[in-house]
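I opened this notebook page to record what I looked up in the structure. The entries follow the order in which I consulted it.

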Amino acid sequence: MSKIDDVKANVEKGKTKIVPGLVQEALDEGGNPVEILDAMVSAMGIVGDKFSANEIFVPEMLIAAKAMAKGVDVLKPLLAGEGGASLGTCVIGTVQGDLHDIGKNLVAMMIESAGFTMVDLGVDVSAEKFIDAVKTNENVKLVACSGLLTTTMPALKETVKTLKGSGLNGFKVLVGGAPVTAQMAEEIGADGYAPDAGSAAIKAKELVAAA
Amino acid sequence: MLTKKQNLLETIKGGSPDRFVNQYEFMDVAVFLPGFKYPLAPGQTVKDDWGITFTFPEDQIGAFPIHDDAHKVLKDITQWREQVKAPSLDFKDEEWAPAMEQASNVNREEQFLAAGQMPGIFEMTHHLMGMEDALMALYEEPEEMHGLIALLKDYELRRAEQIIDRLHPDALFHHDDWGGQSSTFLSPDMYADFFLEPYKEIYKFWKDNGVELIVHHSDSYAATYVPLMIEMGIDIWQGAMSTNNIPALIEQYGKQITFMGGLDSGAIDFPEWKPEICAEHVRKACQSCGKHYFIPCLTQGLGFSSFPGVYDEVSKQIDIISKEMY
């Protein structure tokens, strides 16, 4: 197994303590930082797929994302001059009136792991705050809106409507959360829907690639 | 006509109930026991005896623990011995008085008196340190988590001893949410590793001290935990969402555990609720789950709804379907 494969396997297993050392070893052996990053992104893709299939659970996903973040810390000084290969900026938040953040945080981690630069607006985010974030951040390609409560579905609808009617362009809107369905996402005018964090990362890449 | 208690026992033992058990009718839950501190209305913020701060925002339907740097009780799992102190259980007689009065008013022939235990051990771990820290600590510092969980279990047992001594309950309503709509938070193996033995000990203690019925609340998917629930000693799983495929669970496990739920609160209990929606869900749940090992009930913990009228309408619809099916 090559050192880069070793990095990939250990990110997937969530070995937070050894991944930074393995990344350094891969670099010392002449590994390309971008290739090492791609291997970690690929590992997180596998983690996302397994989560979607209920083969792994929230702790495994959290720990894998943490392992990747520690590996990225080692790479960061070297990636600065390589263009970073970001897929763009993703603005994410839980819609107004909803304080649930666990699912939103998981989605943010997975989308970041897929190669996006994240702007996390937190919870209880008004439609206007989403609009401001699109205006004030560079290269926004995706806005991800989460809602867990049936009572905040009107706020989700309003947020999507406001984003779509804002006259701003260049970004897609992704929605998710326990009460949200693909049909509802379509009805409220969202560009995409994801039922869980793993598929959110896949959908995010699909939406941006198709833009 | 059977009493509510008799009808419950016939239902969970596969006997001859004469109607559906109607939601929480079979038990009176004593919630406001000494040591229980939680905001109950929008606008309230409460710090409990562990130091956990909960807030109930004006526009929400429930309270949340606050986990910013200023409020998080446990900031480093390796420091739990220093940062987490089990509260005193030295309660005064007057603190017990309201619950004892409630207990004395329960007709034990008609209903069970249930002691309320909330939050549960898993919930306590994430109330103390936040969900993400708690879940990652299970991987990164398992021995420390076992130690913290032992402290939480011991506190629950010492408090249980006092509740039993004061109220002599014949049921327990124990809250601990173990998952979301479509999955549990932890794999069954990890859940068993950390929580099975503590819960076996807790539930055995209650049963060894006069409690006949263990009702555990988790309004979630948790079908994969059912064998663990049975091993723990749970008699009724309250909060079973329809995503669990309750008819299949009844078929496989019904003789060992009863499923109370099937009426997902999120789909029924919302601002624009309608009696027709309640009726549709009640009919579907009762017809698909049948008369044994099933109690139709909103999945929300305790006998109320977030929006006025929903709980009572669901109860009315259960009575209607009972007349049709019995």
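**Entry 1: the contact between chains.** I worked from a predicted model. I first asked how many residues of chain A are in contact with chain B. I found 17 residues of chain A in contact with 23 residues of chain B. On the side of chain A that touches chain B, α4 (58-79) and α5 (102-113) of chain A each supply at least two residues. The largest share of that side, five residues, comes from α4(A). I then sorted this side of chain A by class and noted nine nonpolar, seven polar and one charged residues.

**Entry 2: the domains of chain A.** I noted that chain A is divided into domain 1 (3-82) and domain 2 (89-210). Their C-alpha centres lie 25 Å apart. I recorded that 10 residues of domain 1 of chain A are in contact with 12 residues of domain 2 of chain A. Which helices of chain A each supply at least two residues of the domain 1 side? They are α3 (33-52) and α4. The largest share of this side, six residues, comes from α3(A). By class, I listed seven nonpolar, two polar and one charged residues on the side of domain 1 that touches domain 2.

**Entry 3: helix α9 of chain A.** I looked up α9 (residues 197-210) of chain A, which has 14 residues. From its first C-alpha to its last, this helix reaches 20 Å, close to the 20 Å expected at 1.5 Å a residue. I next asked which residues of α9(A) are buried. They are A197(A), G198(A), S199(A), A200(A), A201(A), K203(A), A204(A) and L207(A).

Note on methods: Residues numbered from 1 in each chain as written. Chains lettered and ligands numbered in written order. Predicted model: local features only at pLDDT ≥ 70, side-chain atom pairs only at ≥ 80, totals over all residues. Contact = placed C-beta atoms within 7 Å. Helix = DSSP H or I, 4+ residues; strand = E, 2+ residues; numbered from the N terminus. Nonpolar A, V, L, I, M, F, W, Y, C, P; charged D, E, K, R; others polar. Expected span 1.5 Å × (residues − 1). Buried ≥ 20, exposed ≤ 12 C-beta atoms within 10 Å, placed from the backbone. Domains from an automatic or database assignment.
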